[in-house]
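Welcome, and thanks for taking a look with me. Here are a few notes on side-chain contacts to read alongside the structure.

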Amino acid sequence: MVAILASLALVAAVVVFVDPIDGAPTASSATTAPAGAKDTTDIELPPGVMTYDQAKAKGTLDEYDFGDRCDPDTGTLALPLAPQQNCFAKFTGDNGGETTPGVTADEIKVVAYLNQPGDPILEFIYGQIGLKTKPGDAQRAYANFNEIFGEYYEFYGRKVKLIPYTATGNIQDSVAATADAETIARDIKPFAVINGPQLSNAFADTISANGVLCVGCTSTGDDSFYADRDPTQWGVQKTLTQNLVLVAEYLGKRLFDRPAKWAGGPLKNKPRKIALIAAEGAEADDDPVKQFIQTLADDYDAKLTKIQRYDDPLALGSTGRAMLSQFKSAGVTTIVFVGDPIAPQTLTRIATEQNYFPEWVTSGSTLVENNVFSRTYDQKQWANAFGPTSLFPRVAGGLGSPIGLHKWYFGIDPPGGAATLLAVPNLQVLFGALQGAGPDLTPERFRDVLFASPVLPSSPIAPQVSFGNRGFFPNPDYVALDDMTEISWDPAVMALDEGGVEGKGGWRYSDGGKRYLPGEWPDDEPHVFDPETGVTGFDELPPTAQEIPADWAPIAGPRKGKTLGGQ
């Protein structure tokens, strides 16, 4: 079994805001935009498309109907999901009908790919954290969030018809993945697919070959994978190459040539010797891990003491002993881990058996950096864990999150809990781009929307979002997230996990969750293991996040008219 990487994350919230600019849609944000963002209040929009901000700037608000979905005090959609999106005016007129396969005058056909029931790989992963799902949970979750967003997003006279498709193989079965993709493209003929088998690129390859757009088709694609399949493949989580750009900078600026302050036993305060344990990836020269090692040498004159790769995390019970024994003999003080969420269970247990207590450095391997998985690792070891992550602290009660959104609209938690929240980020990317594309919808227009979108700034509870060539990364960006923050593990604190369940052990986000883009990591020592400045979450929205008014109420659904306060 190969590495289980970031797109299997239990939840990652992202909102794409799109407004057209210079003939192609761009993004709009209610917060102050960073360098690289564009002013979208004085541009010429394509026919049929208008946002609240632009109408206000032109003094033409009275000429448009933004509907009950829009809060006129903020100009944003009245959805309790942070951050909020600018309102789009209701469309009237001819939308062009069949602009591309899967699109008619009345609907946009989208397939929701559902994992095979009883998938042994997912069952194993979920079993490690006691997560149970029921058949039909994922399908109901997709349908529910589609209902919510369908009431608030503007699709220009069309509705998104979400069609469930259940996989015929597990998330690693390339033969089944190819057959499933062919069936979807041939028999259903959708405009787009959301989700796919996360440990095989075969599904994404076949979908793209058939000209069908997909969001979140795979977790194994890297920068060149997306570029070679333009304009059909899109994602949410950073590619491994993008993650390692930020990790290399973090190591070069904050760890190399400093003492190992947070190692245990005789390693404590020794000059750092840093080693790498990484899941096997591409064999070619464009392997992101090889690029990462070269970047350390070229940009920071830094060399890793030891490098170990692994393929099967279940085999580490034997191979991991020799691996860690070599590290201990070489005096390695610090281990950077790049891989799946199962491997650290075995590696940390073996390290404790060997009375070896190095620092453990995170790398954006998202499931590893979820509280729910980190609690399964040897806590004597994980008490020395810190580093960069793409994740962010959450607000108590789910305020501003997909879980809170579902409870606000339906009055209950989403079906399947945290496991089904994979649906939300992909839907938000898809729906945000559909809204910005306007009536003339094609895959190329979808790409133009995202590539022209200004940067959506981060806050302590949301990452920065951008697509295209923005200068943050060396290659064109087909995935949403850009930045990272710093974390350290506290084995004693009571904290919420990704499903909103409180338990012992949680990540502390340094400096209140402050986030960093490439080139922005400070060159001082990490600000970790500090309960005064490191937060595990927020009781309420932090001041730098957008406010969510308590008087917002659903305009439809089971709780129509009931506010956040329950009235």
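1. Helices here are DSSP runs of at least four residues, numbered from the N terminus. Please keep in mind that this is a predicted model.

2. D137 is buried at 7% relative accessibility, whereas R140 is partly exposed at 42%.

3. Helix α10 (residues 343-353) holds R349 and E353, four residues apart and again separated by about one helical turn. These two side chains form a salt bridge of 3.3 Å, N to O. R349 counts as partly exposed, with 34% relative accessibility.

4. The structure holds 17 salt bridges. One of them joins D483 and R515, with the closest N and O atoms 2.9 Å apart. This pair links distant parts of the chain, 32 residues apart: D483 sits in the loop between α15 and β15, and R515 in strand β17. D483 is buried at 1%, and R515 is buried at 8%.

5. Now to the rings: there are 31 aromatic pairs. Y64 and F66 have ring centres 6.4 Å apart and planes at 55 degrees, so this pair is tilted. Y64 is partly exposed at 32%, while F66 is buried at 7%.

6. For Y409 and F410, the centres are 4.8 Å apart and the planes at 65 degrees, so the pair is edge-to-face. Both residues, Y409 and F410, are buried.

Terms used: Residues are numbered from 1 along each chain as its sequence is written. This is a predicted model: local features need pLDDT of at least 70, side-chain atom pairs count only at pLDDT 80 or more; totals for chains, interfaces and linings use all residues. Side-chain values use heavy atoms; hydrogens and water are left out. Rings of Phe, Tyr and Trp (its six-membered ring) pair if their centres lie within 6.5 Å; planes under 30 degrees apart count as stacked, over 60 as edge-to-face and the rest as tilted. Buried means under 20% relative accessible area, exposed over 50%, partly exposed in between (1.4 Å probe, protein chains only). A salt bridge is a side-chain nitrogen of Lys or Arg within 4 Å of a carboxyl oxygen of Asp or Glu. Helices (H or I, at least four residues) and strands (E, at least two) are DSSP runs, numbered from the N terminus.
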